[in-house]
Protein chains: 2
Amino acid sequence: MRDLVTLLWKPPTPPRRGPRPTLTLESITRAGIAAADANGLTGVTMHRVAEAVGVTKMALYRYVPGKAELVALMLDCAIGAPPDPRPGASWRETLDAWARGLYAGFCAHPWALEVAVGDRVIGPNELTWLEHAVTALTGSGLDGGEMLDVAVLLTGHVRNLAQQVTAISSAPNPERAMSSSLHLVLAGREDRFPAVTAAMASAKAVEGQDQALNFGLARILDGVGTLIDARKDRVLGPPDLRL
Amino acid sequence: MRDLVTLLWKPPTPPRRGPRPTLTLESITRAGIAAADANGLTGVTMHRVAEAVGVTKMALYRYVPGKAELVALMLDCAIGAPPDPRPGASWRETLDAWARGLYAGFCAHPWALEVAVGDRVIGPNELTWLEHAVTALTGSGLDGGEMLDVAVLLTGHVRNLAQQVTAISSAPNPERAMSSSLHLVLAGREDRFPAVTAAMASAKAVEGQDQALNFGLARILDGVGTLIDARKDRVLGPPDLRL
DNA sequence: CTCCAACTGTGTCCGACGGATACAGAGTAT
DNA sequence: ATACTCTGTATCCGTCGGACACAGTTGGAG
């Protein structure tokens, strides 16, 4: 059976002999994605996926070694390729758009959040996302490790926020939801958690669902900006203009 | 059966009649944590946990409605209470220590990372962590929503980094690992991902495992600091001293 | 053209797991 | 002492991932 690295990175080669495969890796992956979008990751069953593409469960194992590999394929396919950056844009603009694009992708496929964790083989689409982020920072004065760290930082924020938003929107009553379970638990215990209680009261409903995303993004990019400025200061003297 | 909110928030009340329960919610939770620490989340089975505490699988259902609730209890118990902040410390110092403490907790229980996602009932320990973060920011000039956003931002970064580190340390050869799978995939494809290739080459092995944590933490706190300064400027005029 | 090897999809089987239900025993209140 | 309540157990079921053997199909070698 083909390795996961091979599945992700090498184009599928049709065999020379025997009956033609009736399925495609991509059709299976698409079916899995559809199932996951509809019913979440627990809704993705070998049986269900096979049914969706019109074969028996065991036929899938001719294409994929197991469910874990299928899910990995689904992840890279669902995330897709990053959009081309606007030419001439600053590193900040580019990274901002980059992060929002990733955010949109995760919001469209909430199950991907549960999958994109831990030690896993990175797929071509995912690596292309990383490539774009590093490219945006190339020439900024940061070293390689710092560029990768920035990408990690942004990814983490995006994933965290996407989690929060999908959790809220999948709640029974998304309109009034705004961390309803937090309110529920906080009720009657305000004395034990005064700061959180005050913060929640002060936050009211002014927070749109994208507010936290914007906030964190601005904070992170501000922090990166000060680092870049500091690097430039050390090399070129005080800067005469800021972003 | 007791609700998850009740299990998390109300102390267990021994019943009035019938035989004494041989188990404790806490002993079961501890056994689950031990199993998860040893074999990961998939290693946590009702059967195994029951075996560890010396009863049959079904006996656990007298204490816990199901596996999901058990895992929720395990999470709140494993995270534990946050350490008391050093009195007199600045908001930045406090949040820095806060984040590092959370990081240590997640590193000690990597399975918790897979669990602390999505829409879930928050437990007392987890809420206390949040309370401490908001407390550190009280009086800084940020409004409630912003304080909560900062906590979310820091949590996301910590979780992301803990994920990365536990993935690396659980790899077959942690010494040379440093994103070994990335190297593996990148080999022979340097032309397709030039920026990432260059960044990895420039990053070499100088990056300690805590480097990315420190980097992101510094960036985020820098960004928060500039916001706080901006708020103070607007209210009090230009500040005469900085942190 | 024939035969063989390679390959595909199917049916059947198994083990692990989460959970439901019925039941027997233990202990307390009356 | 009796009745009631609660505990732990044994048994059963459905679902899921996966192993395996088998039959049918296809293309290349003789």
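Reply: The copies meet through the same surface, because 100% of the interface residues of chain A are also interface residues in chain B. The contact (heavy atoms within 4.5 Å) takes 63 residues from chain A and 63 residues from chain B. This is a predicted model, in which local features need pLDDT of at least 70 and side-chain atom pairs count only at pLDDT 80 or more, while totals for chains, interfaces and linings use all residues. Residues are numbered from 1 along each chain as its sequence is written, chains are lettered from A and ligands numbered from 1 in the order in which they are written, and side-chain values use heavy atoms, with hydrogens and water left out.

The size of an interface is often given as the accessible area lost when the parts come together. Between chain A and chain B, the buried area (the accessible area, with a 1.4 Å probe, that two parts lose on being put together, summed over both) is about 4,900 Å². Carbon and sulfur atoms give 69% of that area. On the side of chain A that touches chain B, two or more residues come from each of helices H1 (4-9), H7 (124-137), H8 (144-169), H10 (180-186), H11 (194-203) and H12 (211-236) of chain A. Helices here are DSSP runs of H or I, at least four residues long, numbered from the N terminus. H8(A) gives the largest share of this side, 17 residues. By class, the side of chain A that touches chain B holds 33 nonpolar, 18 polar and 12 charged residues. Nonpolar means Ala, Val, Leu, Ile, Met, Phe, Trp, Tyr, Cys and Pro; charged means Asp, Glu, Lys and Arg; the others, Gly among them, are polar.

Between chain A and chain B there are 8 residue pairs in polar contact, both residues at pLDDT 80 or more. A polar contact is a pair of N or O atoms within 3.5 Å; within protein, one must be able to donate a hydrogen and the other to accept it, and residues adjacent in sequence count only if both atoms are side-chain atoms. The two chains have 0 salt bridges between them, a salt bridge being a side-chain nitrogen of Lys or Arg within 4 Å of a carboxyl oxygen of Asp or Glu. Over all chains the count is 14 salt bridges. One of them joins the side chains of Asp222(A) and Arg92(A), at 2.9 Å from N to O. Asp222(A) is in helix H12 of chain A and Arg92(A) in helix H5 (residues 91-108) of chain A, so this pair ties together parts 130 residues apart in sequence.

Among the closest of the 27 residues around DNA strand C are Thr22(A) and Lys57(B), where near means a heavy atom within 4 Å. A side-chain N or O atom of Thr22(A) is 2.3 Å from a phosphate oxygen of DNA strand C. For Lys57(B), a polar side-chain atom lies 2.8 Å from a base oxygen of DNA strand C.
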